[in-house]
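Subject: Structure for your review

Dear colleague,

Please find the structure below, followed by an account of what was found in it.

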Amino acid sequence: MTTQIQITGVSKRYHTASGPVLAVDGVSLAVRPREFLTLLGPSGCGKSTVLAMLAGLVTPDGGEIRIEGVPVSGPDPRKVALVFQDPGLFPWRTALDNVGFGLELRGVDAARRREIARGLLEPLGLRGFEAKYPRELSGGMRQRVAIARALALDTPIVLMDEPFGALDEQTRLLMGDWLVDVRRQTPKTVVFVTHSLHEAIALSDRIAVMTSRPGRIKELLEVALPFPRDLNAPAAVDLRAKLWEAIREEALRAMDGPA
Amino acid sequence: MSRETARVLGARVAVLVGALLLWELIAAPLNPLLYVRPSALPPALANVLLARDVPALGEHVLVTVREIVVAFVLAVAVGLWLGFVLGLGRRLGRVYEPMLAAFYAIPSVIWYPSLMLFFGLGPASKIAFGFLLAFFPICLSVLSGIRQVNPHLVTVARSMGAGSWTVFRKVMLPSMLGTLVGGLRAALALSVVGVLVGEMLGARSGVGYLLNYTYGLLMTREYTALVVLVAAGVLALDGMAALVEARGRRWSG
C-alpha cells in the first residue's frame with residue numbers, strides 16, 4: 001500500500017502564560033493517496049495543530065512529516081491546499097478574484113485565472129456571484145468560494161480545518177453532500193478536521209480519533225460504507241456508537257479543562 | 001439625482017442663504033469696518049481679484065500652493081516610511097509609538113517660533129510647519145492600519161505560498177488602504193493649515209501674508225473677501241480628497 005503523507009512521531013509544544021503546553025504528542029499516521037481521512041477529537045485536542053504542521057505553517061518540535069517522500073519545510077502550494085474554518089476571503093476582492101488569488105501568486109495570467117475560477121464557481125452554485133464581494137455573500141457561499149480558492153491550486157492534497165464549523169446545521173449538511181459529490185468528480189487526498197461525529201461518518205474513508213491534550217491518536221477506524229451514506233443504516237449507527245465511546249472520555253476531559 | 005438628495009441639497013442651500021441673510025441683518029446697524037456685510041463682498045472680491053489697492057493675488061497663491069505641495073509630499077514620504085518602520089518592527093514600535101502619540105498631543109503651534117529661528121522667515125519655515133502638522137496623521141494612520149490587518153488573511157496568503165513582500169503588497173496594503181487614505185486626507189488639510197498659519201505669523205509673501213496685509217491696513221472688506229476665497233479653495237481641495245478617499249475605501253471594502 002502506498003503512502004502519500006507520512007507523519008512519524010510528531011509533537012508540538014506551545015508556550016503559554018501558565019507555562020509550556022504539550023499540544024500534540026507522538027502522532028504517527030500514514031495517509032494513502034486519494035483517501036479521505038478525518039481527524040476527530042474534542043476542541044483543543046491538537047487536531048488543528050497537526051493540520052497546520054502538514055501545511056507547513058507550524059514547525060513540529062519533534063518527529064517528521066514527509067509528503068510524497070519529501071520532508072515538509074514550509075507551505076508548498078503545488079502539493080497542498082488548505083481550507084480554514086474562517087473562510088478568510090479577501091474583502092477587497094470579488095469572489096472570482098479571491099478564487100484566482102493562488103494562481104495569481106503562481107504568475108498565471110488574468111484571463112486564464114478568470115477562466116479557471118469561473119469553471120470552479122459554477123458547479124458550486126455560485127454562477128452569477130462571480131463579481132460579488134465577500135460581504136455580499138452568505139456564510140455558506142463564502143465557504144464555498146474559499147473551497148474553490150483552494151481547489152484552484154489543483155493540488156493532489158487538500159487539508160480542511162473544520163471548514164463547515166461556522167455554518168448553521170442545515171447548511172453544514174448540504175455542504176457535506178456537496179463535498180461528497182466534488183470528491184466523486186475529482187478524487188483528491190483530503191485530511192479533514194472536525195469534532196462532528198456526523199461529518200466524520202458521512203464523509204470519511206478512515207477516522208483517526210484523537211485524545212484530549214496532549215493530542216495523540218487513540219483509535220484508527222476504517223469506514224467501509226458506500227456513498228451516498230445513509231446515516232440511519234445499522235452499520236452507520238454502530239460506528240457512531242463506537243466513535244462516541246472512544247471520544248466521550250476525551251470530551252469529558254476536555255470539558256474539565258487542561259489537567 | 002433622487003428626490004431625497006435634492007431635498008438635502010435644497011436644505012443646505014436654504015441654511016446657507018439664511019445664514020447670509022441673518023449676518024446681513026445683524027451687521028446692518030453695526031460699524032461696517034468691523035462687521036463686514038455679505039453685500040459688501042462682491043466689490044471687495046473684485047478689488048482683490050483685480051489687484052486694486054492689494055498686491056496681485058497670483059504670485060502669492062503660487063507661493064502658498066508650492067509650500068503646501070512640498071510640505072505635504074515630504075510629510076507623505078517621511079510619514080509612510082517611519083510608520084512602516086515602526087509598525088513592522090514590533091519592538092521598535094512599542095518603544096516609539098507612545099512617544100509619537102504624546103508628541104502629537106502637544107499643540108504644534110508652540111514650536112513655530114523655533115522653526116522660524118531654524119529656517120528663517122522664508123518659505124522653508126512654512127514648509128517645515130506644514131510638514132510637522134501633516135506628518136503625524138500619516139504616520140499614525142500607518143500604525144493603526146497595520147494593526148487592522150487581519151492575521152488570518154496573512155496566514156491564508158502564506159499557506160498559498162506568499163512570501164513577506166507578496167503578503168505586504170497583496171494583503172497588508174489593501175487591508176490598510178481605507179485608513180491610510182483617511183490619514184492622507186487629514187494630513188492634506190493640516191498641511192494647508194500649517195502653511196497658512198506660518199505665513200500669517202511672519203512672512204513676506206503667500207496668501208497668509210496677504211491676509212495679514214489687508215487686516216493690518218484695516219482693509220476688512222478685502223480681508224473678508226480673501227477669507228472667502230481661501231475657504232473656497234480649501235473646500236475644493238478637500239472635496240477632491242474626499243472623492244479619492246471614497247474610492248480607496250470602496251476598493252479596500
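At what angle do the axes of helix H3 (residues 57–88) of chain B and helix H6 (residues 123–148) of chain B cross, and within what distance do they come? The axes cross at roughly 35° and come within 6 Å. Axes here are lines fitted to C-alpha atoms, for helices over the stretch in contact, and angles run from 0 to 180 degrees between N-to-C directions. Helices (H or I, at least four residues) and strands (E, at least two) are DSSP runs, numbered from the N terminus.

Please note that this is a predicted model, in which local features need pLDDT of at least 70 and side-chain atom pairs count only at pLDDT 80 or more, while totals for chains, interfaces and linings use all residues. Residues are numbered from 1 along each chain as its sequence is written, and chains are lettered from A and ligands numbered from 1 in the order in which they are written.

Helix packing in chain B

The crossing of H3(B) and H6(B) is right-handed; a crossing counts as right-handed if the near helix is turned clockwise from the far one by less than a right angle, and as left-handed if anticlockwise. The contact of H3(B) with H6(B) comprises 24 nonpolar, four polar and two charged residues. In this classification Ala, Val, Leu, Ile, Met, Phe, Trp, Tyr, Cys and Pro are nonpolar, Asp, Glu, Lys and Arg are charged, and the others, Gly among them, are polar.

A second pair consists of helix H7 (residues 151–159) of chain B and helix H8 (residues 164–201) of chain B, which pack at an angle of about 150° with their axes 10 Å apart. From H7(B), B:Leu153, B:Val154, B:Ala157 and B:Arg158 meet B:Thr166, B:Val167, B:Lys170, B:Val171 and B:Ser175 of H8(B). Two residues are in contact if their C-beta atoms, placed from the backbone, lie within 7 Å. By class, the contact of H7(B) with H8(B) holds five nonpolar, two polar and two charged residues.

The sheets of chain A

An open antiparallel sheet of four strands has the order E2-E1-E4-E5 in chain A. Strands pair if DSSP finds at least two bridges between them. At the edges, pairing on one side only, are strand E2 (19–31) and strand E5 (70–71) of chain A. Strand E1 (residues 5–16) of chain A is joined to E2(A) by nine bridges, and the two form a hairpin with two residues between them. E1(A) also runs antiparallel to E4(A), with five bridges. A:Ile5 has A:Val31 as its bridge partner in E2(A) and A:Ile67 as its bridge partner in E4(A). A:Ile67 is in turn the bridge partner of A:Val70 in E5(A). In the loop between E4 and E5 of chain A lies A:Glu68, which has a positive phi of about 50° although it is not a glycine.

The other sheet, of six strands, is open and mixed, in the order E6-E7-E8-E3-E9-E10 (chain A). Its neighbouring strands are turned by 15° against each other on average, direction ignored. Strand E9 (residues 206–210) of chain A pairs with E10(A) in the antiparallel sense over five bridges, and A:Val209 stands opposite A:Glu219 in E10(A). H8(A) lies across strand E3 (36–40), E9 and E10 of chain A, at about 20° to E9(A). The loop between strand E10 (217–222) and helix H8 (234–255) of chain A contains A:Pro228; the peptide bond from A:Phe227 to A:Pro228 is cis, with omega near -10°.

Domains and the chain contact

Domain bounds come from an automatic or database domain assignment. For chain A it gives domain 1 (5–79 + 155–255) and domain 2 (89–154), whose C-alpha centres are 25 Å apart. Their contact takes nine residues from domain 1 of chain A and eight residues from domain 2 of chain A. For chain B the assignment gives domain 1 (1–30) and domain 2 (38–252), with C-alpha centres 30 Å apart.

Between the chains, the contact takes 17 residues from chain A and 14 residues from chain B. On the side of chain A that touches chain B, helix H3 (residues 101–106) of chain A gives the largest share, three residues. That side has 13 nonpolar, two polar and two charged residues.

Yours sincerely
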